[in-house]
Amino acid sequence: MRIETRAVHAGRSVDPATGAVVSAIHPSTTFERDVDGGYARGHLYARNSNPNRDALEHCLADLEGGLAAAAFGSGTAATMAVFQALAPGDHVIAPHDLYSGTARFLADHMARWGLDATFVDVMRPDEVQAALRPTTRLVWIETPSNPMLRVTDIARVAAVARAAGAVSVCDNTIATPILQLPLALGADLVHHATTKYLSGHSDVMGGAIVARSVGGIFERIRKFQASGGAIPSPFDCWLVLRSIRSLPYRVRAHSDHALRVAQFLAEHDRVTAVHYPGLPHHPGYDVAARQMRGCGGVLSVEIEGGRDAAMKVAARVRLFTRATSYGGADSYIEHRASIEGAGTRTPEGLLRLSIGLEHPDDLIEDLAQALA
Ligand SMILES: *Cc1c(COP(=O)(O)O)cnc(C)c1O
């Protein structure tokens with residue numbers, strides 16, 4: 001079945017007891033044990049599993065073409081589960097251009113835990129190859145990346161990782177399974193901050209890992225989910241599943257609108273660069289055209305005059321909200337270097353835009369007046 005149909009039906013059933021077409025929210029922390037001591041109905045204690053989380057995980061695995069998924073209380077908790085599934089002394093390869101929270105997490109917390117990390121330009125599979133060590137266990141991919149919208153050839157990098165006996169993980173938060181299917185391209189795990197497009201309304205935090213196969217690292221991630229306890233609430237799972245019903249249509253609109261805004265900005269005198277893989281001049285255009293169906297709703301733009309000029313544009317928008325994050329129905333604009341803090345590689349004149357579901361002409365008019 002097509003992804004629109006699966007987005008509506010996966011993880012759902014009519015409640016046999018009441019006939020309700022929408023599933024109930026199960027806040028129960030504990031579940032009744034059978035007289036023989038077993039748990040034939042599948043749930044024991046809500047940190048281990050609960051019906052709403054099961055339904056969401058089933059749906060995410062279905063959409064990404066995986067065998068199983070594990071949902072977490074935030075995207076970062078999902079990231080942490082992946083790295084904690086490795087052992088001290090293991091080596092990780094990650095991209096320079098990476099969600100800053102993931103980079104910080106690797107450099108600060110996981111370094112203290114004895115995990116070695118090398119940051120490379122994963123757009124160049126030869127750099128990944130050159131960074132391999134006998135202890136390399138994992139290659140992290142984020143494509144398109146944050147905030148430069150760099151594009152990694154998932155099939156090539158996953159093949160390099162596999163040949164070295166390492167697992168490849170693709171952060172698919174910007175693309176979503178509607179635009180890109182990393183498991184089909186050879187990645188072993190998919191990471192999501194469901195906080196973004198999957199929840200889609202800037203009102204739920206969540207994360208997930210989807211696995212191509214069960215066992216191996218996913219088995220450890222699954223155990224860490226239950227024993228580490230960074231789980232999403234039943235209500236949050238229910239909300240994300242509700243939002244996924246409309247995911248294909250939302251993501252296509254975000255993507256179409258972002259392309260229109262990118263085309264407008266690329267022509268503007270005060271703009272020195274537009275980073276959006278849907279524009280033909282973008283270095284990742286060909287790879288994106290091959291591995292994606294649309295380039296998503298996030299883009300970044302460099303304003304002539306650096307930090308002050310960029311800040312002024314952000315101060316003058318009316319429809320865009322000055323806020324971090326992306327994936328909501330409303331549009332955001334953000335001076336990225338200042339949120340990333342000291343040591344950032346992000347250019348000072350860069351603004352990251354999250355294009356919402358407003359009419360793109362209204363967004364373009366707002367940017368035109370802010371740039372005037
Ligand atoms: C937001 C984000 C994360 C972290 O997710 P949280 O839910 O904020 O913890 C990880 N990766 C990417 C690409 C993100 O955009």
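**Close-up 1. Pro-144 sits in the loop between strand S4 (136-142) and helix H6 (154-163).** Helices (H or I, at least four residues) and strands (E, at least two) are DSSP runs, numbered from the N terminus. This is a predicted model, in which local features need pLDDT of at least 70 and side-chain atom pairs count only at pLDDT 80 or more, while totals for chains, interfaces and linings use all residues. Residues are numbered from 1 along each chain as its sequence is written, and side-chain values use heavy atoms, with hydrogens and water left out. Look at the bond that leads from Thr-143 into Pro-144: this peptide bond is cis, with omega near -10°. Pro-147 is found in the loop between S4 and H6 too, and the peptide bond joining Asn-146 to Pro-147 is cis, with omega near 0°. The loop between S4 and H6 also holds Leu-149, which has a positive phi of about 55° although it is not a glycine.

Close-up 2. Zoom in on Thr-76, where an N or O atom of the side chain is 2.6 Å from an oxygen atom of the ligand. Tyr-326 likewise has a side-chain N or O atom 2.6 Å from an oxygen atom of the ligand. With Gly-75, it is a backbone N or O atom that lies 2.8 Å from an oxygen atom of the ligand.

**Close-up 3. Helix H3 (residues 75-84) crosses helix H8 (residues 216-228).** Two packed helices are described by the angle between their axes and the distance between the axes. For H3 and H8, the axes come within 9 Å and cross at roughly 125° (axes are lines fitted to C-alpha atoms, for helices over the stretch in contact, and angles run from 0 to 180 degrees between N-to-C directions). H3 and H8 are therefore oblique to each other; angles under 35 degrees count as roughly parallel, over 145 as roughly antiparallel, 65 to 115 as roughly perpendicular and the rest as oblique. From H3, Met-80, Ala-81, Val-82 and Gln-84 meet Ile-217, Ile-221 and Phe-224 in H8, where contact means heavy atoms within 4.5 Å. The residues of this contact of H3 with H8 divide into 6 nonpolar, 1 polar and no charged (Ala, Val, Leu, Ile, Met, Phe, Trp, Tyr, Cys and Pro count as nonpolar, Asp, Glu, Lys and Arg as charged, and the others, Gly among them, as polar).

**Close-up 4. H3 also crosses helix H4 (residues 100-112).** The axes of H3 and H4 come within 11 Å and cross at roughly 45°, which makes H3 oblique to H4. Thr-79, Met-80, Phe-83 and Gln-84 in H3 meet Thr-102, Phe-105, Leu-106 and Met-110 in H4. Sorted by class, the contact of H3 with H4 has 5 nonpolar, 3 polar and no charged residues.

**Close-up 5. Helix H10 (residues 247-266) packs with helix H14 (residues 360-371).** Their axes are 9 Å apart, at an angle of about 30°, and H10 and H14 are therefore roughly parallel to each other. Among the contact residues are His-257, Arg-260 and Phe-264 of H10, together with Asp-361, Ile-364 and Leu-367 of H14. By class, the contact of H10 with H14 has 9 nonpolar, 1 polar and 2 charged residues.

Definitions and conventions
Polar contact = N/O pair within 3.5 Å; in protein donor to acceptor, adjacent residues only side chain to side chain.
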